[in-house]
Amino acid sequence: MSGIQTEIAEKVRQLEEKFRNSGQDLGSYLDGLLYDKYLTYWDYIELDTLLSLQKPKTHFPDEEIFIGYHQITELYFKLVLHELKQLVETKDLTADLFTAKLNRVIRYFKIQTSSFDVMIRGMEREQFLKFRMALLPASGFQSAQFRMIEIHSTPLHNLVHHPNRETFRSNIDLEEVYQNIYWKRGGISSDTGEKTLTLRQFEEEYDEVFLRLAKNLQGKTLFELYKSLPEEEKNNKNLVEALRNLDVAVNVNWLLVHIGAAQRYLMVKKNAVKATGGTNWKEFLPPSFQRISFFPELWSEEEKEEWGKHWVEEMITQ
């Protein structure tokens, strides 16, 4: 018993020193502890608030699934960015720490990819085709966090529309490079050739944010952090494998599950229904069309030329 009392007394002494050094009174904080309520699980995670955020726009029951799953996805994106920001801010980065953080990010994307079956088979097609019309012009295309993940991962020139990518590789005008980023092509109406409202809304809200982020990350994207490592660290097999796995997780598998959902819900008698934002998903989503790679130097020319095709065949087989 006396051992416990001694331990508690030492803790109190340490607390008193801590608050004295900060100009605060320990006694006032102890009063606060006496008056404070016990913390509950539901209060800690703000459960009531969290469960109140699903606000469907229609009476179709399956819209609850649609909005809930997208909110879960954005929470995972937040966790991914949480890891990427730590990597950017780490001084004296080692291959082991780099690999550990990358594997966390890969795990988040694997969870999302494997759970995407909820979107593919978890809603009635007839309900989806009706309630989606109430969501116009909102679109998953407008996920700012996903675009931030891309910008954290690689220099902007690696995200330029594929046919024009080499032209911009040495361009130092970030704003010009950004205007040619691949996903902006996805927001062009296939009927008129003009920007859709979905794209115009997205640009108005986030263009300055994305450009500012790209400027702040110059020399500090994942790819540049990797290239700046000492040669021995850079040749770490686990690190190289993690970088390649992240590329596949984000730029192949994540796109493929979206194609699976689009095929199920947006194909009508071999004709494609337009996505909610008016984007032509058949030309935008397939990995082999844009061949986006965060770490192109880690892939052979043959692998880049066949980008995504091998995994598409595997998915079709499955």
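Reply: Happy to! Leu-39, Tyr-41, Trp-42, Tyr-44 and Ile-45 make a nonpolar surface patch of about 650 Å². Like charges are joined within 9 Å, and nonpolar side chains (Val, Leu, Ile, Met, Phe, Trp, Tyr) within 5 Å. Areas are Shrake-Rupley values with a 1.4 Å probe, and for residues only the protein chains shown count as cover.

Me: What kind of model is it, and how are residues numbered?
Reply: This is a predicted model, where local features need pLDDT of at least 70 and side-chain atom pairs count only at pLDDT 80 or more, while totals for chains, interfaces and linings use all residues. Residues are numbered from 1 along each chain as its sequence is written, and side-chain values use heavy atoms, leaving out hydrogens and water.

Me: Where is Leu-39, and is it buried or exposed?
Reply: Leu-39 is in the loop between α2 (26-35) and α3 (41-44); helices here are DSSP runs of H or I with at least four residues, strands are E runs of at least two, and both are numbered from the N terminus. Leu-39 has a relative accessible area of 65%, so it is exposed (buried is under 20%, exposed over 50%, partly exposed in between).

Me: Switching to backbone: what is the phi of Glu-46?
Reply: Phi of Glu-46 is near 55 degrees, a positive value in a residue other than glycine. Glu-46 lies in the loop between α3 and α4 (47-51) and is partly exposed because its relative accessibility is 49%.

Me: Which peptide bond is cis?
Reply: The one from Leu-136 to Pro-137, with omega near 0 degrees. Pro-137 lies in the loop between α8 (125-131) and α9 (144-153).

Me: Now rings. How many aromatic pairs?
Reply: The count is 22, taking Phe, Tyr and Trp (its six-membered ring) with centres within 6.5 Å; planes under 30 degrees apart are stacked, over 60 edge-to-face and the rest tilted. Phe-223 and Phe-295 are edge-to-face because their centres are 5.9 Å apart and their planes at 65 degrees. Phe-223 is in helix α13 (residues 222-227) and Phe-295 in the loop between α17 and α18, 72 residues apart.

Me: Why does Phe-295 count as buried?
Reply: Because its relative accessibility is 0%. Phe-223 is buried too, at 4%.

Conventions:
Patch = residues over 30% accessible without salt bridge, like charges linked within 9 Å, V, L, I, M, F, W, Y side chains within 5 Å. Salt bridge = Lys/Arg side-chain N within 4 Å of Asp/Glu carboxyl O. Buried < 20%, exposed > 50% of the residue type's maximum accessible area, 1.4 Å probe, protein only.
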